[in-house]
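The sequence and structure are shown below.

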Amino acid sequence: ATLRAAAVLVPIVPRAGGLGLLFTQRHADLRTHSGQISFPGGKIDETDADPIAAALREAEEETGIDPRTVRVLGRLGEVPTPTGFIITPIVGVVAPAPAVWRPSEREVAEAFEVPVVVLRDPALFEDRGSVSRYGVTYRMCAYKPDGRNIWGATARMVHELLEIWPTTSVG
């Protein structure tokens, strides 16, 4: 089976209280990934020059992020999913961050930020071992901030980001 290419923006949001990550929660009635928490993103289509263009386009559609306000820092490792996607996570700082996010009424139930310092709290991290599907082994983990459940590919991206992000850095 061929993996379908997708890209997400991992939006780092500077606020007065520190840096946060922006997540979206998908509507519960969507056909795919309903109710899941993810970073804004989606399939790379033929109009996208590259994964960065796709991530910025999708982030604007899903949350109203103006692509001109995103400073792309780089990308995390590609993330294959058991649902047949290979996701390229694009890390970028959104500055200035908007006072209010504009979630897509069609796709996004809510856009919300979680402070990085909260995600670093070991009490909110669950290591669920690993699972193999179609010959690929996936690390299973989750983050549980404020009663939310960030799991799957999104949790794996958060985990990689936190592993490479120096704790002393401000941005």
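## Helix α1 and its setting

In this predicted model, helix α1 covers residues 51-63, and its 13 residues should span 18 Å at 1.5 Å a residue; the end C-alpha atoms are 18 Å apart, which agrees with that expectation.

Which residues of α1 are buried? They are P51, A54, A55, L56, R57, E58, A59, E62 and T63. An α-helix has 3.6 residues a turn, so residues three or four places apart point the same way.

## Two loop residues

Is T81 buried or exposed? T81 sits in the loop between β6 (79-80) and β7, and with a relative accessibility of 8% this residue falls under the 20% cut-off, so T81 counts as buried. Leaving aside residues up to four places away in sequence, T81 touches I87, Y138, A153 and R156.

G135 is also a loop residue, placed between β9 (125-133) and β10 (136-143). Its relative accessible area is 80%, and G135 is therefore exposed, the cut-off for that class being over 50%. From G135 to P40 the C-alpha separation is 28 Å, and the two residues are 95 residues apart along the chain.

## The chain as a whole

The protein chain contains three helices and eleven strands. Their order along the sequence is β-β-β-β-α-β-β-β-β-α-β-β-β-α. The radius of gyration is 15 Å, close to the 16 Å that the globule rule gives for 171 residues, so the chain is as compact as a globular protein of that length. The C-alpha trace spans about 45 × 40 × 30 Å along its principal axes.

Of the 171 residues, 44% count as buried. Taking contacts between residues at least 6 apart in sequence, 59% join residues at least 24 apart.

The accessible surface of the protein chain is about 9,000 Å², and carbon and sulfur atoms account for 53% of that area. The chain has 18 positive and 21 negative charges, whose mean positions lie 3 Å apart.

Conventions: Residues are numbered from 1 along each chain as its sequence is written. This is a predicted model: local features need pLDDT of at least 70, side-chain atom pairs count only at pLDDT 80 or more; totals for chains, interfaces and linings use all residues. Side-chain values use heavy atoms; hydrogens and water are left out. Helices (H or I, at least four residues) and strands (E, at least two) are DSSP runs, numbered from the N terminus. The radius of gyration is taken over C-alpha atoms; the globule rule is 2.2 Å times the number of residues to the power 0.38. Buried means under 20% relative accessible area, exposed over 50%, partly exposed in between (1.4 Å probe, protein chains only). Contact means heavy atoms within 4.5 Å. Accessible areas come from the Shrake-Rupley method with a 1.4 Å probe; for residues, only the protein chains shown count as cover. Lys and Arg count as positive and Asp and Glu as negative; His and the chain ends are not counted. The place of a charge is taken as NZ of Lys, CZ of Arg, CG of Asp or CD of Glu. The expected span of a helix is 1.5 Å times one less than its number of residues.
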